Amino acid sequence: MHPDDLPDPGSVLRHERTFTTDDVRAFADVSGDRGDHHEVPDDEGRLLVHGLLTATLPTKIGGDLDVLAREMTYEFLRPVYTGQRIVCEVTVTDVTRRDDRAEMTADIVCYRGDADGEELVMTGGFEGVVLE
């Protein structure tokens with residue numbers, strides 16, 4: 001994406017996903033994080049999704065914008081399990097355009113959205129640069 005085409009401050013970008021058992025197992029293979037809580041199903045047959053796998057939701061949005069992240073922060077508020085639909089909203093808070101790039105900051109909110117309502121699972125933010 002060209003820096004001039006970035007969304008304006010206040011824009012909200014959204015991505016949602018339901019993580020599967022295969023997703024958790026593949027992330028365990030890549031990360032080496034094989035804690036029992038990620039490999040042994042709970043009483044409902046679900047696996048606990050890695051926090052950093054949940055954090056791939058906002059990184060997908062940043063990738064769509066071609067943001068090269070300089071800083072990313074996450075606060076994991078509640079567990080995420082396989083089979084749960086997670087919605088991520090990235091709110092652009094600042095875009096500073098320069099001659100050959102743009103610097104961007106954004107806030108992150110991810111929540112579990114289901115028939116029981118919405119429950120916040122992760123918050124955070126990132127800042128980065130988009131090069132021309």
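Predicted model: local features only at pLDDT ≥ 70, side-chain atom pairs only at ≥ 80, totals over all residues.
**Exercise 1. Find the residues that make a nonpolar surface patch of about 200 Å², and place Leu-77 in the fold.**

Solution. First, pick out the members: Leu-77, Val-109 and Leu-120 make the patch. Second, locate Leu-77: it sits in the loop between β2 (68-76) and β3 (85-97). Third, check its cover: Leu-77 has a relative accessible area of 36%. Patch residues need over 30%, and buried means under 20% while exposed means over 50%, so Leu-77 comes out as partly exposed.

**Exercise 2. Stay in the loop between β2 and β3 and decide: is Gln-84 buried or exposed?**

Solution. Gln-84 lies in that loop. Its relative accessibility is 14%. The cut-off for buried is under 20%, so Gln-84 counts as buried. Now look at who is around: leaving aside neighbours within four places in sequence, Gln-84 touches Arg-17, Thr-18, Phe-19, Arg-46, Pro-79 and Arg-112.

**Exercise 3. Track down the negative surface patch and classify Asp-99.**

Solution. The patch brings together Asp-4, Asp-5, Asp-99 and Glu-132. Asp-99 belongs to the loop between β3 and β4 (101-114). With 78% relative accessibility against a cut-off of over 50%, Asp-99 counts as exposed. Finally, zoom out to the whole protein: the mean positions of its 13 positive and 29 negative charges are 1 Å apart.

Methods:
Residues numbered from 1 in each chain as written. Heavy atoms only, no water. Patch = residues over 30% accessible without salt bridge, like charges linked within 9 Å, V, L, I, M, F, W, Y side chains within 5 Å. Areas by Shrake-Rupley, 256 points an atom, 1.4 Å probe, with all protein chains shown as cover. Salt bridge = Lys/Arg side-chain N within 4 Å of Asp/Glu carboxyl O. Helix = DSSP H or I, 4+ residues; strand = E, 2+ residues; numbered from the N terminus. Buried < 20%, exposed > 50% of the residue type's maximum accessible area, 1.4 Å probe, protein only. Contact = heavy atoms within 4.5 Å. Lys, Arg positive; Asp, Glu negative; His and termini not counted. Charge placed at Lys NZ, Arg CZ, Asp CG, Glu CD.
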